[in-house]
Amino acid sequence: SGGSTAKSIYKCIGKTVCVASKPETIMGLGQKGLVPSGKADIIFSSFPDLAIEHLYDERHKARVLAMFRHPVDRLVSKFYY
């Protein structure tokens with residue numbers, strides 16, 4: 001999928017990638033202070049609203065990139081993945 005490809009590219013160029021694909025994961029990373037620690041260069045999430053709300057603050061801001069796929073293509077990809 002496009003997400004897997006993007007993660008691989010960022011890892012290849014030496015960036016630290018964090019995947020927060022579940023709400024519980026995002027909440028836990030927020031409590032642990034992932035963003036203020038500077039340990040992750042890039043965070044991928046299927047829940048950008050939660051990630052922005054719980055991981056970032058006024059001192060630690062983010063840039064957001066949203067990638068959207070056609071709903072049918074996404075379901076077919078999930079079925080074969």
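View 1. Once neighbours within four places in sequence are left aside, Leu55 is in contact (heavy atoms within 4.5 Å) with Ile26, Leu29, Gly30, Val35, Ile43 and Leu50. This is a predicted model, in which local features need pLDDT of at least 70 and side-chain atom pairs count only at pLDDT 80 or more, while totals for chains, interfaces and linings use all residues. Residues are numbered from 1 along each chain as its sequence is written, and side-chain values use heavy atoms, with hydrogens and water left out. Leu55 also belongs to the largest nonpolar core, whose eight residues are Cys18, Ala20, Ile26, Leu29, Leu34, Val35, Ala51 and Leu55. At least two residues of this core come from each of β1 (17–20), α2 (23–32), α3 (34–37) and α4 (48–55), where helices (H or I, at least four residues) and strands (E, at least two) are DSSP runs numbered from the N terminus. A nonpolar core is here a set of buried Ala, Val, Leu, Ile, Met, Phe, Trp, Tyr and Cys residues joined through side-chain atoms within 4.5 Å; buried means under 20% relative accessible area, exposed over 50%, and partly exposed in between (1.4 Å probe, protein chains only).

View 2. A search of the whole structure finds two aromatic pairs, a pair being rings of Phe, Tyr and Trp (its six-membered ring) with centres within 6.5 Å, called stacked if the planes are under 30 degrees apart, edge-to-face if over 60 and tilted otherwise. Tyr10 and Phe44 form a tilted pair, with 6.3 Å from centre to centre and 55 degrees between the planes. This pair links distant parts of the chain, 34 residues apart, with Tyr10 in helix α1 (residues 2–12) and Phe44 in strand β2 (residues 42–45). Tyr10 is partly exposed at a relative accessible area of 33%, whereas Phe44 is buried at 17%. Lys7 lies over the face of Phe44, at 5.7 Å from the ring centre; the criterion is NZ of Lys or CZ of Arg within 6 Å of the ring centre and within 35 degrees of the ring normal.

**View 3. The aromatic pair of Phe79 and Tyr80.** The ring centres of Phe79 and Tyr80 are 4.9 Å apart and their planes stand at 85 degrees, so this pair is edge-to-face. Phe79 is exposed, with a relative accessible area of 65%, and Tyr80 is likewise exposed, at 67%.
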